[in-house]
Amino acid sequence: MRLIFLGPPAAGKGTQANRVAEALGVPHISTGDMLRAHIASGTDLGREAASRMEAGELVPDALVIAVLAERIAREDAAVGFILDGFPRNLAQALALETSSVGTIDRVVLFIVDEDEIVRRIGGRRGCSRGHTYHLDDHPPSQPGVCDVDGEPLVQRPDDSEVVIRNRLNVYSRETEPLIDFYHDRGLVVEIQAFGPVQHITRQILDEVRA
Ligand code: AP5
């Protein structure tokens, strides 16, 4: 099963990708997480990506495509994958389509309104290993500490109110055109991404298995 999760910032793509990937036995491949790992390790690529990410701008296509190509070539992705955060513009979608990864089975489009996005981002906290919480909806057992690995929970630098406005603009300008691109290919399934996390997971699994 090869899936793309598409939707605005904080729509819940990462939360759902973790759960659906586990249910389907495929890897969850998040370009945002991979880029943040490069920043944390201080690689050249991380240094190049950091200022763009902090401003809410897209990282140059060539860098992201190289990171993705390396990840998708690993053995575990031979059974399928969930792409979370890729593609993000038409150039990336065309690069994926003309690559050797095989055909995409479904594009899961997350529908959430802007007020909910701002609320979700304001309450999001995460640890350096990628476990994510929400202060109101999904708080950790002990404030400020990850339940899974005991790491401190922090706010992402691109989750400030100013940067989120820019991320939403970038989404509507660069990424929204992909909705028509994948509609034309008959791949889009729409998910109303409100309400309990487990209900959304069930909806996605029902749609992609149909
Ligand atoms: P990336 O990390 O991909 O960020 P994003 O797409 O903006 O998405 P988010 O991670 O903010 O949100 P999400 O939809 O995963 O939501 P989550 O599950 O965390 O990209 C970051 C940056 O990297 C980009 O701006 C760009 O610079 C760069 N980049 C990445 N990929 C790139 C590419 N392909 N090309 C170029 N640049 C690229 O949930 C959000 C919050 O809501 C959490 O607190 C969660 O607990 C809560 N929540 C989730 N579901 C629910 C629910 N049902 N009800 C209530 N709360 C919920």
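Helix α2 lies across strands β2 and β3, and its direction runs at about 60° to that of β2. The model described here is predicted. Its strands include an open sheet of five with parallel pairing, in the order β2-β3-β1-β4-β7.

**Pairing between strands**

- Strand β1 pairs with β3 in the parallel sense over four bridges, and R2 has F81 in β3 as its bridge partner.
- Strand β1 also pairs with β4 in the parallel sense over four bridges; here I4 stands opposite V107 of β4.
- Strands β4 and β7 run parallel and are joined by five bridges, with F110 having I191 in β7 as its bridge partner.
- Strand β1 is mostly covered, as four of its five residues are buried.

**The nonpolar cores**

- In soluble globular proteins, nonpolar side chains tend to be buried together.
- The largest nonpolar core of this model has 31 residues. Those with the most contacts inside this core are I29, L68, F81, L83, L96, V107 and Y182.
- Elements that each supply at least two residues of this core include the strands β1 (2-6), β3 (81-84) and β4 (106-111), and also the helices α2 (31-41), α3 (44-55), α4 (61-72), α5 (90-97) and α8 (177-184).
- Helix α4 gives the most to this core, with five residues.
- L68 touches I29, T31, M34, L83, F86 and L96, when residues up to four places away in sequence are not counted.
- A second, separate core has 23 residues, including F5, F110, I200 and L205.

**Helix α6**

- At the start of α6, a side-chain oxygen of D113 reaches to within 3.3 Å of the backbone nitrogen of D115.
- Within α6 (residues 114-123), the residues E116, I117, R120, I121 and G123 are buried.
- The cover over these buried residues of α6 includes β5 (124-126), β6 (132-134) and α7 (161-175).

Notes:
Residues are numbered from 1 along each chain as its sequence is written. This is a predicted model: local features need pLDDT of at least 70, side-chain atom pairs count only at pLDDT 80 or more; totals for chains, interfaces and linings use all residues. Side-chain values use heavy atoms; hydrogens and water are left out. Buried means under 20% relative accessible area, exposed over 50%, partly exposed in between (1.4 Å probe, protein chains only). Contact means heavy atoms within 4.5 Å. A polar contact is a pair of N or O atoms within 3.5 Å; within protein, one must be able to donate a hydrogen and the other to accept it, and residues adjacent in sequence count only if both atoms are side-chain atoms. A nonpolar core is a set of buried Ala, Val, Leu, Ile, Met, Phe, Trp, Tyr and Cys residues joined through side-chain atoms within 4.5 Å. Two strands pair if DSSP finds at least two bridges between them. Axes are lines fitted to C-alpha atoms, for helices over the stretch in contact, and angles run from 0 to 180 degrees between N-to-C directions.
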